[in-house]
Amino acid sequence: MASPGEEWSLDLLQQYLQKKNSRENLDRFIPNRSAMDFDYARSLLTGGKKWKEKSAVMSASSEAYQKLLAEALDMNRSRILAFKNKPPTPVELIPKSWLSPTAYQSKFIKPCRSIPKTCQRTLDAPNISDDYNLNLLDWGANDVVAIALSQTVYLWNASNGSITELVTFNNEEGPVTSVSWAPDGQSIAIGLQNSHVQLWDFSAQRQEGGHRLRVGSLAWNNHVLTTGGMDCMVINNDVRLRSHIVGTYRGHHQEVCGLKWSPSGKQLASGGNDNLLYLWDRSRASLNSGAQWLHKIEAHTATVKALAWCPFQANLLASGGSDRCVKFWNTCTGTCLNSVDTGSQVCALLWSKRERELLSSHGPAENQLILWKYPSMRRMAELSGHTSRVLFLAQSPDECTVASTAADERLMFWQVFGIPEVAKPTPKTSSEPFALWHGIR
């Protein structure tokens, strides 16, 4: 007579052979749940001894043992070969609606703005000097454009389109070699061929200057007017004082044709016809002897005129010159961060104060303006219209429009940096602007 254990083994073998020959389980990869015996499956997986529920009743000790064993091994009967509904939908960390192209662009990417390829307005600029070393155009905070045409300085009011002749110099004083508005737009500095600098405002005070030759570059730092001349000198003038010369910088060996103060007012960049770029510290300016420069940079191989300090990153300066290159500098260390060959003479540079973009103007053969994306220096747009090298650039107070002047005697306006959001009120102007003036000689 067979023992209970042998009977249990034979019973399991018979069930296995029946299930193997059953026609209901022809596909072993897709089981039929209705034909599945969960007790048998559990026995095969765990290797334990389990009487079927239809078989003889187990002893109380065996039943307790099986219960404890299942709890200890975490054998959850309901999870062994149990087929249920689809798993729950995973939680979406990012909603799919956000990942659609339209929604993604609207939520995470600014829409690409349209950059007009043609100028908004063109004005005549007869007799403008075709001299790379001069600076004959500026746009003041009062929304008035100043342009020097030979012996005369003209003012064009962008708010109402009116044109005013500010001053005409005689042959002994002129022609005009540079113009620059003060930061508040209430006065303008004019550099002349005879080495004089005249400051036009509403106070009558005459000041003496320190240059010996023409003054081709001007830069303001609050109440300090910095001048650079053909005599290789860079001079700081405090326009509030009668003895206005408060410091000098010496280092250039040829004409100084580019000057720009940093936004903080602590560093000055100067470029010259000697292919040199100097970085100066305001605190090191000396009255008696020339100040020692912070950095003397000899990376350019031709005249350095185009200078622009970055408005969104401290101590970042862009420089350009006749060697066709735009270079970027860390002014703390004097390190060159990048250099780009533009393919033609670089005449002027302007940073956008709205986006990380840089605008450059160029000479032959294209005589175009190029808008660059920083720091990739990808060309975003090329603006054509001038037929000669684009010597001068100036930015409007609303930071959207740029004025350009070229040797083709045309003054053009480009809406390259965007569209103004809110129109500013028209500033009040005197019926006789600059009735009083004083000069620096």
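Ring pairs join Y249, Y278, W280 and W293 into a cluster, where rings of Phe, Tyr and Trp (its six-membered ring) pair if their centres lie within 6.5 Å, with planes under 30 degrees apart counted as stacked, over 60 as edge-to-face and the rest as tilted. The model is predicted, so local features need pLDDT of at least 70 and side-chain atom pairs count only at pLDDT 80 or more, while totals for chains, interfaces and linings use all residues. Residues are numbered from 1 along each chain as its sequence is written, and side-chain values use heavy atoms, with hydrogens and water left out.

Across the whole structure, a search finds 11 aromatic pairs. In one of them, the ring centres of W156 and F413 are 4.8 Å apart and the planes stand at 40°, so this pair is tilted. Because W156 belongs to strand 4 (residues 152-157) and F413 to strand 27 (residues 410-414), the pair ties together parts that are 257 residues apart in sequence; strands (E, at least two residues) and helices (H or I, at least four) are DSSP runs numbered from the N terminus. Both W156 and F413 are buried, meaning under 20% relative accessible area with a 1.4 Å probe, protein chains only.

| Strand | Residues |
|---|---|
| strand 19 | residues 325-330 |
| strand 20 | residues 335-341 |

These two strands run antiparallel and are joined by 6 bridges, pairing being assigned if DSSP finds at least two bridges between two strands. F328 stands opposite N338 in strand 20, and G334, in the hairpin with 4 residues between the strands, takes a positive phi near 80°.

Technical notes
Buried < 20%, exposed > 50% of the residue type's maximum accessible area, 1.4 Å probe, protein only.
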